[in-house]
Amino acid sequence: MNPMVSVVMGTFNDGLFIKKTIDSILNQSFSDFEFIIINDGSTDNTKELVRQYQDPRIIYSYQENHGVAHARNRGLELARG
C-alpha cells in the first residue's frame, strides 16, 4: 500500500544537522508517510548518519552532486505518496 504523503529532502554535506532534521520528521504525529532523502554527493558523514536509522519509512538514495533541483526531482521520481 502506498503512503499518503511523501516527504522529499535533498541533502549535501549536512552531517551537522541531518539527525535533528530526520528526528523532527519521524516524530510527527501523522505517520502515514515515506521520507525520501536524496544525498547529492555529500563528502562528509551524511550517509553514515542516515544509515543509522532503521525506520522503514526512510528511503535513502545517493547521487553524484548535481544540485538541489536535480536531487528534488530524483526524490519526486521515487515518491509514491
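Predicted model: local features only at pLDDT ≥ 70, side-chain atom pairs only at ≥ 80, totals over all residues.
Of the 81 residues, 35% count as buried. Among contacts between residues at least 6 apart in sequence, 71% join residues at least 24 apart.

The three strands form an open sheet with the order S1-S2-S3 and parallel pairing. S1 and S3 stand at the edges, each with a single partner strand, so one side of each is left without a neighbour in the sheet. Neighbouring strands of this sheet are turned by 15 degrees against each other on average, direction ignored. Strand S1, comprising residues 5–11, is joined to S2 by seven bridges. Within this pairing, Val5 stands opposite Phe33 of S2, and Ser6 stands opposite Glu34 of S2. On the other pairing, six bridges join S2 to S3, and these two strands also run parallel. Here Ile38 has Ser61 in S3 as its bridge partner.

Two helices were examined for their placement relative to the sheet. Helix H1 lies across S1, S2 and S3 and runs at about 165 degrees to S2. Helix H3, residues 68–78, packs on the sheet and touches S1, S2 and S3, its direction making about 145 degrees with that of S2.

Burial was then considered along strand S2. Eight of the eight residues of S2 are buried, so the strand is largely enclosed by the rest of the structure. Phe33, Phe35, Ile37 and Asn39 point one way from the strand, whereas Glu34, Ile36, Ile38 and Asp40 point the other way. Ile36, which lies in S2, has a relative accessible area of 0% and is buried. Leaving aside neighbours within four places in sequence, Ile36 is in contact with Ser6, Val7, Val8, Met9, Ile59, Gly75, Leu78 and Ala79. The C-alpha atoms of Ile36 and Ser6 are separated by 7.1 Å, although the two residues are 30 residues apart along the chain.

The largest nonpolar core has 12 residues, namely Met9, Ile18, Ile22, Leu26, Phe33, Phe35, Ile37, Leu49, Val50, Tyr53, Ile58 and Tyr60. At least two residues of this core are supplied by each of helix H1 (18–26), strand S2 (33–40), helix H2 (46–51) and strand S3 (58–63). One of the core residues, Met9, touches Ile18, Thr21, Phe35, Ile36, Ile37 and Ile38, not counting residues up to four places away in sequence. Among these contacts of Met9 are Ile18, Phe35 and Ile37, which are likewise listed in the core.

Thr11 lies in strand S1 and counts as buried because its relative accessibility is 3%, under the 20% limit. Not counting residues up to four places away in sequence, Thr11 touches Ile18, Ile37, Ile38, Asn39, Asp40, Ser42 and Thr46. Asn13 is found in the loop between S1 and H1. At 30% relative accessibility, Asn13 counts as partly exposed. Most residues other than glycine have a negative phi. Asn13, although not a glycine, has a positive phi of about 50 degrees.

Technical notes. Residues numbered from 1 in each chain as written. Heavy atoms only, no water. Core = buried A, V, L, I, M, F, W, Y, C linked by side-chain atoms within 4.5 Å. Buried < 20%, exposed > 50% of the residue type's maximum accessible area, 1.4 Å probe, protein only. Helix = DSSP H or I, 4+ residues; strand = E, 2+ residues; numbered from the N terminus. Contact = heavy atoms within 4.5 Å. Pairing = 2+ DSSP bridges. Axes fitted to C-alpha atoms, helices over the stretch in contact; angles between N-to-C directions.
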